[in-house]
Every structure is written in C-alpha cells, then in structure tokens.
Amino acid sequence: MSVGLVLVSHSARLAEGLRELAAQMAPDVAVVAAGGMEDGEVGTSFDLVLAAVAEADGGDGAVLLYDLGSALMTADLVLEVLDDDQRQRVRVADAPLVEGALAAATTAQGGASVDAVAAAATSAWGREAEGPPPAGAAAEAPTPAEGAESAEPADGTVREVVTLANSLGIHARPAAMIVKEVSGYDAEVLVGPPGEATADARSVLSVVALGITGGQEMEVVGRGPQAREAVDAVVDMARDGFGEE
Amino acid sequence: MPVSTQDVLDLVRAYAGVVAENRDYLIQLDAAIGDADHGENMDRGMKAALVKLDGETSATPSDVLKSVATSLITKVGGAAGPLYGTAFLRAATAVQGKDTLEPTDVVAAITAARDGIVARGKAEPQDKTMVDAWTPAVDAAGAAASDGGGVRAVLEAAADAAEQGMRDTIPWVARKGRASYLGERSAGHQDPGATSTALLLRAAADLAGREA
C-alpha cells in the first residue's frame with residue numbers, strides 16, 4: 001500500500017496524460033485522473049474528484065494536485081465533505097501540476113507518508129534546495145577516470161564515478177529508479193557530474209535536471225551508515241545502463 | 001413582509017431566467033478577460049438547480065438555498081460552481097431553522113454568502129472579482145436594516161451597491177482568477193462574476209418590489 005494521487009485538471013485529457021506519465025514512474029502507486037466534467041466538457045467536477053479520492057486513498061492517504069485556481073476550489077470543497085478520519089490523511093498540494101505529480105508519484109512509490117509525498121510535490125517549485133550538499137563535495141572530487149573509480153576517505157563519505165552505459169543517460173525512468181533504490185538505504189546520496197555531485201538522489205526532479213547523457217560520467221557520493229551499499233547500488237544500475245541499451 | 005420559502009423558490013426561478021437572458025452577455029464579458037464560460041456555466045447550474053428543486057419538497061428557505069448549492073457545486077465546472085455553491089451553502093446555514101426571513105436574516109444570509117466566497121476564493125477587495133459586488137452589497141444591506149428598512153429596502157440597497165461595485169471593477173487590473181493572467185490587459189473590462197452577482201441581487205430586489 002502507498003499514498004495515492006489524484007490529478008485534478010480542467011481537462012480530462014490533460015489529467016489522463018499526466019496519469020500515464022506518473023504511472024510509468026510509479027507503477028505501484030494509485031494515480032487517479034480527475035479531469036474535466038462528467039460529460040467530458042472542460043471544467044472540474046466535484047463528483048469525479050470525490051470518487052477519485054475514494055479510489056486513490058487505500059488507507060494510507062492521498063495527495064491532490066490541481067491545474068488552476070478553480071480546480072483548487074473544487075478540491076477544497078471535496079475535502080470538506082470527507083469524513084474526519086479520511087480528511088486527516090488527504091492533502092491538497094500547492095505544486096506545479098506536472099513536475100509536482102512526478103515528484104509526488106516517485107516519493108509515494110518509495111513508501112513515504114502522505115506529508116512527505118505532499119512535500120515532494122511542493123518542492124517541485126524548486127523554491128528550496130533539497131538539503132545542502134556535503135561540505136566540500138565539489139572541491140574534494142576525485143579525478144574522473146575510465147569506468148568506475150573508488151575512493152573512501154576517513155570521514156565515511158563514499159564516492160564513485162561511473163560511466164552511464166545506456167544511450168539516453170539519465171531521463172525520467174532511470175531517475176525514478178535511482179530515487180527508488182536509494183530510498184531503501186539509510187544514507188544521504190548525491191549525484192552529479194564528476195566534481196559536482198550536488199543533486200539529491202531522492203529527488204527525481206533534481207536527478208533529471210542534471211541532464212547527464214549516455215556515455216558521460218556521473219559521480220555518486222554517499223554519506224551515512226549504509227553509504228557504501230547505496231552508492232554501489234546506484235553505480236551498478238548505471239553501469240548496467242538502467243536496463244536499457 | 002418577511003421572505004417565505006416560496007419567495008426563495010421564486011427567486012431561484014427568476015434568477016435562472018435572468019441568467020438565461022444574460023447568458024451571452026456574461027460569455028462576452030468573460031471572453032474578454034477569462035475563458036468565456038461564465039454565462040454557460042451559470043446557465044447550466046441554474047437550470048440544474050430548477051430541475052432538482054422541482055423534484056423535491058423544500059420546507060424552509062434554508063432547504064431551497066442548500067439544494068441550489070448542491071446543484072451549483074456538482075454541475076458547474078468553472079470557478080462559479082464552487083464559489084456560488086459555497087455562497088448558497090453558507091447562506092443556507094445562516095438562516096437554518098427559520099420558516100421566514102426578516103430583514104436582519106436577509107443581511108445575515110448575504111453576509112454569510114460573501115464570507116463563504118472570500119474563504120473559498122481568497123480574493124481581496126479590488127482584485128476585480130465577484131467579491132467587489134458582494135462586499136458593498138453586504139455593507140449597504142446592513143446599513144439599510146439598521147435604519148429600520150424592510151426586506152425590500154435591504155435588497156434594493158444591496159442591489160444598488162452591487163451594481164456600483166460591478167461598474168467599479170471596469171478600470172481595475174485583475175489580481176485573482178483567470179483574468180489575472182492578462183495583467184494590465186484586464187483593465188477596461190467589467191468583471192463577469194461581479195456582474196452575475198449584481199444580477200442575482202437585482203433579481204431579489206425586483207421580486208421584493210413586486211410583492212410590496
């Protein structure tokens with residue numbers, strides 16, 4: 001079970017297209033499209049949104065994302081009619097619809113709480129950094145080398161550099177894979193070009209935004225009790241081309 | 001004369017008629033600065049409200065207002081649905097349990113409606129929204145009731161003030177709703193939501209006048 005998502009849009013096709021995109025990155029998350037009116041007209045439907053919440057919330061809660069102001073009003077109205085129990089586990093996220101939905105979906109896929117999923121959606125505005133990079137992450141970078149290279153300084157920080165084996169490099173799907181993988185470890189993991197590993201590996205948007213393409217090198221920096229395992233797991237996926245050619 | 005349940009039913013019917021007559025006008029206003037759906041949405045919502053009311057028995061003014069709220073919330077896809085739906089819902093709550101409405105009840109209903117719209121849409125005065133018709137109407141209605149005015153005087157004061165508020169929106173730059181995306185280009189156009197509000201209160205005042 002995980003937190004579900006409801007995509008409230010004025011357009012049925014917009015919501016459905018986004019649902020498709022989010023579901024690809026978070027196959028186990030209930031992502032429900034609530035776009036347009038019952039008759040397919042443009043607008044937001046109170047009844048459709050209410051039904052979508054019922055479908056998305058399997059007990060762990062649901063996060064609603066919306067496209068325009070009046071969709072927010074409909075979402076708020078729906079929240080008002082939920083019973084108190086359910087309302088406590090449902091959030092309306094003030095987030096950019098597309099980026100927010102993808103951030104929320106991948107976070108939900110990792111088994112996060114409803115508040116964490118809502119926060120992931122909101123963080124997609126990019127208003128705040130997703131946690132500071134470790135001090136000197138850039139300055140202490142190892143020299144890029146062919147293939148992977150290990151270095152294990154005394155402070156417990158683990159660094160690896162790996163060449164991306166797939167031709168497309170880090171696009172949405174590999175980014176989601178990385179996020180999902182590192183969520184399973186007790187470690188802080190940062191990724192980026194060699195010497196500039198400053199992107200939080202738990203944020204799909206930060207990882208995608210790196211724009212690292214196939215054949216380029218990526219540095220993976222880990223810190224924490226399971227830093228070694230987490231970094232190795234990411235390196236293995238990258239070396240394997242994320243299961244792509 | 002206090003307002004009866006039948007009076008409120010008459011108002012809903014009258015307003016549905018006014019909205020149907022002004023459907024194209026509201027669309028025109030909305031096309032200039034919004035998404036051109038206000039006239040159609042209001043027409044659809046009020047027609048649905050009539051159908052729903054025809055199929056039920058309303059014991060009190062509050063019942064009628066609540067029924068209209070449900071229709072608007074479920075049948076209107078644009079911002080007008082949640083906004084007017086909330087307005088009617090709050091008005092219904094404000095006069096719950098009353099068989100007839102005195103002037104002070106009418107003021108309470110209009111005030112609750114305005115407060116609901118503000119809570120739902122988060123618009124401030126002079127954002128160029130329906131709030132700019134509602135708030136002067138609330139103030140004028142309250143003043144008229146304080147002066148000892150009857151239902152007719154209260155509603156006429158509200159309608160006059162709403163119409164003035166509606167006209168006042170013309171030069172303003174929209175800061176809320178779809179029109180706000182237009183920035184400066186929204187100036188010079190009358191707000192559609194303020195217009196449909198003025199029409200509602202005028203319809204109520206006309207009914208009260210007819211019955212006086």
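A: Read along the sequence, chain B goes α-α-α-α-α-α-α-α-α: nine helices and zero strands. Helices (H or I, at least four residues) and strands (E, at least two) are DSSP runs, numbered from the N terminus. This is a predicted model, where local features need pLDDT of at least 70, side-chain atom pairs count only at pLDDT 80 or more, and totals for chains, interfaces and linings use all residues. Residues are numbered from 1 along each chain as its sequence is written, while chains are lettered from A and ligands numbered from 1 in the order in which they are written.

Q: How much of chain B is buried?

A: Buried residues are 60% of its 212; buried means 20 or more other C-beta atoms within 10 Å of a residue's own, with C-beta atoms placed from the backbone.

Q: What about the side of chain B that touches chain A?

A: Ten residues of chain B are in contact with 14 of chain A, contact meaning C-beta atoms, placed from the backbone, within 7 Å. Helix 4 (61-75), helix 5 (80-94) and helix 6 (103-121) of chain B each supply at least two residues of that side.

Q: Zooming in, is helix 4 of chain B mostly covered or mostly open?

A: Mostly covered: twelve of its 15 residues are buried, including Val64(B), Leu65(B) and Ile73(B).

Q: And what covers those buried residues of helix 4?

A: The cover includes helix 2 (46-56) and helix 3 (69-81) of chain A, together with helix 1 (5-21), helix 3 (38-54) and helix 5 of chain B.

Technical notes
Contact = placed C-beta atoms within 7 Å.
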